Amino acid sequence: MNALIRWLDSRTGVVSAFEAYWTRRIPGGPGWRYVLPSALLFGFLVQAISGLFMWMAYSANAQGAWESVFWLQECTRGGWLLRGIHVFTGHAIVAMAGLYAIQLILSGMYRAPREFIFWIAMAMLFCSLGLMLTGDLLRWDQVGYWSTQVRTRFLMLIPIIGGDLFQAVVGGSDFGHLTLTRFIALHAGVCAVGFGVLVCCNLALLRRHGLSNAPAVDSPEQQYGSGQWCRNFCGWVVLSAIVLALVFQNYWGEHPGQLRGEYLGAHLGAPANPAEAYSAARPEWAFLALYQFANIFPGEGIAGTSVSWKVVPIFVIPSTLVCLFFLMPFLARLRGGHVFNVCVTLAMLVACGALSWACVAHDRDNEIFQRDVAAGHLEELRAKELAHSPQGIPPGGAISMLRNDAKIQGPKLFAQHCASCHPCVGPDGKGIPCQKPSAPNLFGFGTRKWVAGWLDAKQIAGPDYFGKTKFADGQMVGHMRDAVKELLKDKDIADDVKKQLAMIPIALSAEAGLKSQKEADAADKAKIAEGREALGEDVDCLSCHKFQGKGKTTGCDLTGYASRDWTIGIISNPADKRFYGQPKEASGNDRMPAYAESPNEPAKNLLSQREIEMLADWLRGEWYEHK
Amino acid sequence: MENSQSEPTKKKCCCCSTGEGGEDRRCFCCRAMAVLCWLGLFVPSAFAGLWSLVSPLFGRKPGVMEVRVATLDALPEDGTPQKFPIIADRRDAWTQYPAEPIGAVYLRRVKDTVEAFQVVCPHAGCFIAYSVEKKQFYCPCHTASFKIDGSRIVEPRCDSPRDMDRLDVKIVNKTDVMVVFKKFQTGITEKKES
């Protein structure tokens with residue numbers, strides 16, 4: 001064994017190098033205060049290992065980034081652990097690099113001959129911040145996408161070259177594939193390698209100049225191997241424990257039926273949507289102070305130029321401060337210089353703390369912010385639900401999946417195109433309100449309760465049905481109000497009429513074939529048959545409406561009433577003869593526009609076929625739901 | 001080797017007359033030259049890299065994009081702004097996306113004309129929201145707010161360097177609202193296309 005070691009050492013020198021490392025002197029003896037540099041090395045190694053494995057699963061393109069991160073997080077074994085370790089160690093590294101730089105200043109260890117140690121510490125801090133910034137975008141979710149949008153757009157504040165600089169960084173005038181390819185190269189290449197080199201340089205310089213100015217004594221107690229290594233090791237253990245605690249922070253609690261990747265490890269929001277901003281995007285914790293600081297300044301141009309005042313808090317003041325910090329080793333040579341440096345550092349710490357706290361406190365009490373966060377969370381859950389569905393993520397990426405989802409798009413389309421006339425508000429007041437309702441409330445469209453309202457003389461003339469339309473005093477309202485009322489007065493047939501009025505909604509609602517009434521429809525086959533018969537009996541719907549080929553066509557066709565096909569049809573063209581195709585003076589269409597009048601010329605239509613389908617599906621409560 | 005070192009040469013430096021040739025006959029300027037030559041070998045690869053890196057700066061500019069956004073009827077007559085997505089073809093480096101949302105605009109009816117505003121905040125690129133209660137635009141990211149006509153509310157402070165970016169609108173066939181869609185640089189007072 002010894003012979004082997006001697007041979008290895010004579011050929012490579014590693015054994016004696018380790019010996020020299022192990023027995024090197026630590027002037028003043030080992031101490032906990034020297035733990036940070038080695039903890040930074042440990043952090044870097046952890047990041048290199050976890051990052052490399054993440055890289056093996058990552059796809060840097062706009063249709064694959066979120067998808068590959070989602071897959072790693074929720075569809076692989078242990079992916080959540082890998083991501084969790086990487087993300088939280090990244091946060092820890094930023095904190096440690098900051099603390100290390102501060103420690104050097106406070107302990108005076110930035111003065112000659114250790115200027116470079118201090119500068120390297122500063123550079124490590126910036127490198128770790130760079131890793132944080134670039135890493136933030138890579139997962140390509142709404143938070144990362146929109147906070148990076150804002151950040152990179154700040155480049156445009158720089159006079160003259162700002163616009164070009166932005167394009168060079170982002171790889172075009174908009175975010176896209178090239179932004180991701182650039183950011184992964186910056187993250188895993190430039191910043192990560194740079195950080196590793198800095199960590200090693202730091203350790204090398206610490207060895208050259210010693211950890212402190214205390215006189216070196218040749219005693220076994222002052223050797224690295226006697227006490228420092230185990231302190232450093234403890235530092236690594238503590239760092240690992242903190243990171244793992246953060247990864248497992250949601251472990252305790254109820255998670256019925258959830259995968260580990262859904263609640264353990266680092267967060268992944270809804271996929272990035274370039275067409276819909278996530279308004280609650282905030283920078284990472286390390287930048288909150290800068291964010292809040294910038295908010296103090298106005299956006300106005302600086303006296304007569306096109307340069308905004310924002311350039312001051314975002315570029316001028318921070319870069320001045322950075323220069324000041326880089327000059328600190330020289331300032332310390334002046335009388336009172338060290339005290340000045342310490343004061344500046346402490347003042348910076350207090351200011352950053354106060355600003356960050358102000359930002360958090362402001363958002364905590366901000367209803368709009370909380371509302372946007374909640375909306376983002378819903379979208380995130382939906383995106384993941386769909387991604388886990390049997391259909392899964394299509395080739396167009398998660399965003400095309402969301403853009404084709406009735407549950408997500410339905411309310412948006414409704415609010416944009418329908419809610420200027422139609423409300424969609426339930427009895428609890430929730431739903432999509434309408435400023436000035438002038439058409440039927442579509443909440444519960446096609447359900448028995450909703451259909452029954454049409455046959456109720458009071459409701460049909462009320463604001464939730466025809467009350468605010470030109471049909472408020474039309475044939476249908478008149479029929480229910482007068483003719484049916486007369487029938488109900490006739491004692492001989494009143495009971496029959498009542499029964500018919502109860503069965504017709506059941507039959508008509510069954511035409512819709514709603515998912516929510518599947519069981520009820522199957523159970524009430526007899527009632528449905530009765531209701532269908534009743535359409536032509538005393539209440540006499542068929543005097544105006546057509547049903548399965550019978551009856552007149554004054555009103556809309558009741559065959560397949562509120563079914564998917566029927567609903568798509570009426571949105572596409574309500575003035576079609578199947579719906580309100582009669583001449584206007586008779587009963588024709590009121591004001592509803594035809595959203596897809598020309599089936600052969602899609603470009604002319606207000607809504608695409610798919611949009612109309614999604615609206616219909618949403619109104620009818622028909623979308624994929626994981627059970 | 002030993003022999004040559006024991007006899008120091010008195011020759012001048014190989015490249016310049018000022019440098020006194022030392023034992024190894026290399027002055028500072030020679031070393032600098034060597035380093036420069038050495039670095040020069042990296043010029044082709046670095047140049048090629050930078051050249052391709054900045055190529056998006058010289059990408060083709062999109063032509064005038066006129067998009068049909070809505071019909072006049074869809075806009076509330078009381079002038080309440082309404083947000084509409086801009087659906088158009090889009091190219092992202094190597095992928096051509098057929099008709100998909102590429103942004104959004106606010107449309108606002110003012111009598112028989114229509115005003116259109118880019119939804120992107122001129123400050124930092126967030127999307128501006130509209131508050132029906134306050135009848136104001138506001139940006140949820142950095143609290144810039146704008147009047148209903150898109151002009152900034154400067155009291156107490158406005159984060160935006162300029163008013164909301166207005167877009168040209170054409171009304172075709174008396175009903176179709178066409179918007180000339182453009183994107184602008186953010187963070188500067190000047191309304192400059194990006």
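This is a predicted model: local features need pLDDT of at least 70, side-chain atom pairs count only at pLDDT 80 or more; totals for chains, interfaces and linings use all residues.
1. Strands here are DSSP runs of E of at least two residues, and helices are runs of H or I of at least four residues, numbered from the N terminus; two strands pair if DSSP finds at least two bridges between them.

2. Strand 1 of chain B and strand 10 (residues 176-181) of chain B are joined in the antiparallel sense over six bridges, and B:R68 stands opposite B:M178 of strand 10.

3. As to the basis of these values, residues are numbered from 1 along each chain as its sequence is written, while chains are lettered from A and ligands numbered from 1 in the order in which they are written. Local features need pLDDT of at least 70, side-chain atom pairs count only at pLDDT 80 or more, and totals for chains, interfaces and linings use all residues, with side-chain values resting on heavy atoms and with hydrogens and water left out.

4. Over all chains, a search of the whole structure finds 33 aromatic pairs (rings of Phe, Tyr and Trp, the last by its six-membered ring, with centres within 6.5 Å; planes under 30 degrees apart count as stacked, over 60 as edge-to-face, the rest as tilted). A:W80 and A:F248 form an edge-to-face pair, at 5.5 Å centre to centre and with 90° between the planes. Because A:W80 belongs to helix 5 (residues 79-106) of chain A and A:F248 to the loop between helix 10 (224-247) and helix 11 (260-263) of chain A, the pair ties together parts that are 168 residues apart in sequence.

5. The two partners also have their accessibility assigned: A:W80 is buried, at a relative accessible area of 11%, whereas A:F248 is partly exposed, at 26% (buried means under 20%, exposed over 50%, partly exposed in between, with a 1.4 Å probe and protein chains only).

6. A:N250 lies in the loop between helix 10 and helix 11 of chain A and is partly exposed, with a relative accessible area of 37%. Leaving aside residues up to four places away in sequence, A:N250 touches A:H255, A:Y263 and A:L264 (contact means heavy atoms within 4.5 Å), and the side chain of A:N250 reaches the backbone oxygen of A:Y263 at 3.2 Å.

Terms used: A polar contact is a pair of N or O atoms within 3.5 Å; within protein, one must be able to donate a hydrogen and the other to accept it, and residues adjacent in sequence count only if both atoms are side-chain atoms.
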